[in-house]
Amino acid sequence: MRNLGSARLVLCSTSTLKLSLLRSFLIRKQGDSKKIQRNSPFHQKDYMMATNGFATATFVDTCEDAFYFEVGETDKCLDSDAFGKTDNCCQCWIQSNNNKFLMLSDDGQFQAQNLNIRQQQRESGCKFHFQFYNKNPSEKPGKAVILYSNKDGKNMVVSCSNMHQVCPVEMDLPGHIEENSNKAIFYRVNVTSTSGRYLFESSLYPDHYLGLETDESNPFLEKLVLRQKSRDEVDESTQLLVLTI
């Protein structure tokens, strides 16, 4: 078996075969294969292929219709489909366009209501923690974040349900999320026209944003919902004011 160079193959966790850099990796014509020389543009380049893990491989040779590679050790740093917890965390109030403050109610619902300054300071359920996560590479604008409120010593996370609804879920914040999307991960995007206002797009349901709308059972309250809209569409109910505590 002949050594044809040392082009590197990157094996990554994707569902489809990605060979975007492999324009002419091997040209086969009438049963003959052309050898990759060391001065070839494919020498020491990275290529991507679907697999369950992450590893590097060195191209060794071809035999008939097969490629042969020497597989190295798994490289966790190549995991591009995961979220990693950062040290960036802050505590904030979240306010609607109607000046109501979002809070976790005693009956376990995310609702917005009028609160005076004393109530804001006293109610732990209206103080939300923003835990930011890295996503590399990020296909979405903004920062990946988990929003949660601490109630009776428990982290109650803003989470999407299977019915496209928003509900609190008790959760220990994960240090690493393997999936490319998650029910508790949102992308925080600045509203450029207004300072301090943000959109929160669900990573699980693209083009669905956190919003506050009037509760039909109680017109004095607003409930936290997922609202579907295009990225360029203006929906003021999804523009949430974030006030750092």
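## Buried and exposed

A residue is buried when its relative accessible area is under 20%, exposed when it is over 50%, and partly exposed in between (1.4 Å probe, protein chains only). Across the protein, buried residues make up 44% of the 245 residues.

This is a predicted model: local features need pLDDT of at least 70, side-chain atom pairs count only at pLDDT 80 or more, and totals for chains, interfaces and linings use all residues. Residues are numbered from 1 along each chain as its sequence is written, and side-chain values use heavy atoms, with hydrogens and water left out.

## Overall build

The protein has one helix and 19 strands. Both kinds of element are DSSP runs, numbered from the N terminus: helices are H or I with at least four residues, strands are E with at least two.

Contact means heavy atoms within 4.5 Å. Take the contacts in the protein with a separation of 6 or more: residues 24 or more positions apart account for 60% of them. Ile177 gives an example of distance in sequence. Ile177 lies in strand 14 (residues 176-177) and is buried, at 4% relative accessibility. Ile177 and Lys85 are 92 residues apart in sequence, yet their C-alpha atoms are 8.4 Å apart in space.

## The nonpolar cores

A nonpolar core is a set of buried Ala, Val, Leu, Ile, Met, Phe, Trp, Tyr and Cys residues joined through side-chain atoms within 4.5 Å. The largest one has 25 residues. Phe130, Val158, Phe200 and Leu210 have the most contacts inside it.

Which residues does Phe200 touch, leaving aside its neighbours within four places in sequence? The list includes Phe130, Val145, Leu147, Leu210 and Val242. Arg188 and His208 are also among them. A second, separate core has 12 residues, including Tyr148, Val157, Ala184 and Ile185.

## Two hairpins

Two strands pair if DSSP finds at least two bridges between them. Strand 17 and strand 18 run antiparallel and are joined by eight bridges. Two residues make the hairpin link from strand 17 to strand 18. Gly211 has Val225 in strand 18 as its bridge partner. Strand 17 is mostly covered, with six of its eight residues buried.

Strand 12 (residues 154-160) and strand 13 (residues 166-170) also run antiparallel, with five bridges between them. Val157 stands opposite Val169 in strand 13. Five residues lie between the strands of this hairpin, where His164 takes a positive phi near 60°.

## Salt bridges

Side chains of opposite charge can pair when their charged atoms come close. A salt bridge is a side-chain nitrogen of Lys or Arg within 4 Å of a carboxyl oxygen of Asp or Glu. The structure holds four of them.

Glu201 and Arg231 form one, at 3.6 Å from N to O. This pair links distant parts of the chain, 30 residues apart. Glu201 is in strand 16 (residues 197-202), while Arg231 is in the loop between strand 18 (218-228) and strand 19 (240-244). Glu201 is buried at 2% relative accessible area, whereas Arg231 is partly exposed at 42%.

Which residues does a network of salt bridges link? They are Glu213, Arg227 and Asp235. Arg227 meets Glu213 at 2.8 Å, N to O. That pair also links distant parts of the chain: Arg227 is in strand 18 and Glu213 in strand 17 (residues 208-215), 14 residues apart. Arg227 meets Asp235 too, with the closest N and O atoms 2.7 Å apart. Arg227 is partly exposed at 28%, and so is Glu213 at 27%.

## A buried charge without a salt bridge

Glu222 sits in strand 18. Glu222 is buried yet has no salt bridge. For charge, Lys and Arg count as positive and Asp and Glu as negative; His and the chain ends are not counted. The nearest side chain of opposite charge to Glu222 is Lys100, 4.7 Å away.

What does the side chain of Glu222 make a polar contact with? The partner is the side chain of Ser96, at 2.9 Å. A polar contact is a pair of N or O atoms within 3.5 Å; within protein, one must be able to donate a hydrogen and the other to accept it, and residues adjacent in sequence count only if both atoms are side-chain atoms. Leaving aside neighbours within four places in sequence, Glu222 is in contact with residues including Asn98, Phe110, Leu212 and Thr214.
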